[in-house]
Structures are given as structure tokens and as C-alpha cells.
Amino acid sequence: MRTWIACAGWLCVVSLAQAQEHAPTPAVPVPLHGASTPPAPAPEPPPASATASAAEAAPQTVTITASSEQKAPRVRFMAYRESYLTARKVWQVSSGNVVMALRLIPAKLSATIDDVRVALQGTGAPLPVKVSEGGVFVVPLSDDIAAQDGSFFVNKGKGELTANIVIQPAVARDAWNVTRIGQVLHDARRAVRAITPWYKRPFANEVQALAFCAAERGSALQLVEGEQLIATLPMNEPAVNDINQPVFCKIFDGEDKYPGHYRVVLPQQATVLLL
């Protein structure tokens, strides 16, 4: 789901300015919290570290690990705390059903994001943040680094990048059913309202739908009850994904009449978007 501040689509709830400068020499690594537990009435925010239990987290959850294989990004992109507070609110308001990500966008004609790398650093060593295709990364939640006035760093020049907020579902691929679709839509709408300033709410777009999408036409979802196939739903409705690429989807608006316990089985390459 794309961000807005009175823009089109799902975009620009918050405008994120870049403040890029060269960073200091890294020190001792900052210990991060362990992996979070599944959402509860008073959910804990997702961790910034990658542990063994992180494999059970939602597939769109960020992974952060310390590595010396590549030189760490050394150009300061933006302060961490504001993104941390917004991402934490999204996680809490949505009971962990959606997460906040940032989409990196070239701010200069000469800038590219094909090879972009991102690191998060407080008073310790820089910690790599996983960046997906198109320059999108989930904002990790670390109380420690936020308290240390940490920053995001990139391997690009000063002023070459800007960013928009993206809201993404945080449900495991094998955990979707019709009821969960409606719940995620409800929670995503609550999260967007929670992070949108009151004076912008009259102009902000609502989350309209949840879509299961593929890059090419011809894929299909399956609705399953137990081991029985109930229906095959073609993914043929055109849309655009979080990086504005065309995709073909099966779109749900939350008012679908299928029984709530029907499981939704995704094709292997399918992605889930908020529209």
C-alpha cells in the first residue's frame, strides 16, 4: 500500500525529509530485542534483530543482521526516531496485522535504487536492513536505537534519495482466510487514521481493498475448506503494486460473501497489497 499526504493512491501520509551526511566510525554493536510474539490485545512491537524465532514472523517482516561482507552504508539518510514512533503506532493500532515500510525514491535524475543498501545505527555498529525490490524496507522497531537517536544510512550520495511511507499486511502466507482479509482491512484503516494528522484526514484516501496479486495475468487463488477445493478465483484485475509496477490481482473489499473460515491458498509468487 502506497503512502500519501493528499496524493493519489495510498501515499504520502507523512513526508520524510532526507538529512544525509557522513557518519562516524562504528563502535560496539547495539544489542536488539528478541523476536516478537504473535499479536495480542496489548501487542509488543516487532524486533529489529534476526533470531531463530523470526522465521515464524510474517513474511514481510524486516530482518536485521550484523555483517562484514559489504562495507556499511556511510551516508546519513534520515533520523530513525520519527519513523520508529510512526511504525510502532501502526503495529500497535493494527494488533500486528500491518506494518509500516519506507519506499526509497530517487530525488535526482542521476540517482538509482537498484543497488541501494540501508543500515540502521545508534551508538553501536551499523546493522544492515533488508531492502526488497524497488527500494522498499520494513521499518524495524528497536527501543534501544530509538533512545540513542539512531539514524538510517544509505550507500548513496547526499540528497539523492527521498522516501514515502508504505503500509503492508503482516500475515503469514499460510494464515489467510476470508475472515482474516476483513480483519486486516479494518486494522489497516485504523492504522492509517492513527498516523494521519487530523487536519489532513478530510483529504486523505482510505484503504479501499486488499489484493492478492501476480506480475502476469493467469494466476488464481484457491478457496479451501479442510482439504476440499471450494473455488478457484482468477487474479485478472489490473492494479499497481507498492513500487508502481502493473500487477494482476484478485481484489477483496471486505464485503465478500464467502464463509469466513474458507482458507485462501496463494500461488507461489503472489504478493499481498493494500489498495
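User: Where does Arg 74 lie relative to β1?

Analyst: Arg 74 lies in the segment before β1 (75–79), where strands (E, at least two residues) and helices (H or I, at least four) are DSSP runs numbered from the N terminus. Residues are numbered from 1 along each chain as its sequence is written. This is a predicted model, in which local features need pLDDT of at least 70, side-chain atom pairs count only at pLDDT 80 or more, and totals for chains, interfaces and linings use all residues, while side-chain values use heavy atoms, with hydrogens and water left out.

User: Is Arg 74 buried or exposed?

Analyst: Buried means under 20% relative accessible area, exposed over 50%, and partly exposed in between (1.4 Å probe, protein chains only); Arg 74, with a relative accessible area of 19%, is therefore buried.

User: How should I read the order of strands in the open sheet?

Analyst: Two strands pair if DSSP finds at least two bridges between them. Here three strands form an open sheet in the order β5-β2-β7, with antiparallel pairing. β5 (136–138) and β7 (161–169) stand at the edges, each with a single partner strand, so one side of each is left without a neighbour in the sheet.

User: How many bridges join β2 to β7?

Analyst: Nine bridges join β2 (residues 98–106) to the antiparallel β7, and Arg 103 has Asn 164 as its bridge partner in β7.

User: Which strands does β9 pair with?

Analyst: Strand β9 (residues 220–225) is joined to the antiparallel β10 (residues 228–234) by six bridges, and three bridges join β9 to β13 (residues 263–265), also antiparallel. Within these pairings, Gln 222 has Thr 232 as its partner in β10, and Leu 223 has Val 264 as its partner in β13.
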